[in-house]
Amino acid sequence: LTALNWFAENFIPVAQWRASARRVAVLDTAFAALDFQDSDSAPDGLVIKENRNGLVVLDDVSLHHHDGKIVMERADVQLRPGERVLLAGESGTGKSTMIRAVAGLWPWGRGVIELPEGARTSFLPQRPYVPSGTLRDAIAYPLEGEALDTEHAKTALRDAGLGYMVDKLDDEEINLEQTLSGGERQRVAFARLFLQKPDIIIMDEATAALDVDSETRLLKLLF
């Protein structure tokens, strides 16, 4: 009776373990099916390289899905230091795909993408990643939070509109993944930018969860 009761008492954990194992198996299968193109072995694939003229260049860049469906064809773009570009268009026209390609996150396509030599690039998605840990760790990511100056951290939080959280900078009891709203996540990403000051910033609807006034204020501070 005791042995049989084990199944009744552990039915929910076993179901959770099974679901987790299935997700891992599906993810492993998906990775195995991907055909990431290596620019060294596929000279006609998408090549990302550096230049010394300080420009961001897309030279005859075409992008497609892994199944061959064309997303964007033969784009030629040249951006100079200090320039700001807005990509606008209907959903499904390839805006996010192009941004991911420039950020080095899209392997399928052909052509050449050039970035300035030694430039530090930050990519801001619509839902920024928030690591486990304290708020200090979140705004310092991908660097270690321990190396972040406290006053600089508080200033960045205030500039990002998170001044009400400065007293919780090192609070280990807060689960940021569950407590931060979509707008607060995006403000955390802006706080990172204020601290890291990258050379190239690539945004993919990075202010979609913010109100218009907050969006305008943050972009003015940034640019």
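**Sheet and cores of a predicted model**

Tutor: In this predicted model, helix α3 (residues 95-102) lies across β1, β2 (56-64), β3 and β4, and runs at about 125° to β2.

Student: What makes the four strands a sheet, and in which order do they stand?

Tutor: The order is β1-β4-β2-β3, the sheet is open, and the pairing is mixed. Neighbouring strands in it are turned by 15° against each other on average, direction ignored.

Student: Why is one side of β1 and of β3 left without a neighbour in the sheet?

Tutor: β1 (46-51) and β3 (70-79) stand at the edges and each has a single partner strand, so one side of each has no neighbour there.

Student: How do you know that β1 and β4 pair?

Tutor: Two strands pair if there are at least two bridges between them. β1 and β4 (residues 109-116) have six bridges, in the parallel sense, so they meet the definition of a pair. Valine 47 stands opposite valine 112 in β4.

Student: Why is a set of residues called a nonpolar core?

Tutor: Its members are buried nonpolar residues joined through side-chain atoms within 4.5 Å. The largest such core has 27 residues, and Leu135, Ile139, Leu157, Val188, Phe190 and Phe194 have the most contacts inside it. α4 (135-140), α5 (150-159), α7 (182-196) and α8 (212-222) each supply at least two residues. α7 gives the most, with six.

Student: Which residues is phenylalanine 190 in contact with, leaving aside neighbours within four places in sequence?

Tutor: They are Leu124, Met203, Ala206, Thr207, Leu218, Leu219 and Leu222. A second, separate core has 17 residues, including Leu58, Ala75, Ile113 and Ile202.

Technical notes
Residues numbered from 1 in each chain as written. Predicted model: local features only at pLDDT ≥ 70, side-chain atom pairs only at ≥ 80, totals over all residues. Heavy atoms only, no water. Axes fitted to C-alpha atoms, helices over the stretch in contact; angles between N-to-C directions. Contact = heavy atoms within 4.5 Å. Buried < 20%, exposed > 50% of the residue type's maximum accessible area, 1.4 Å probe, protein only.
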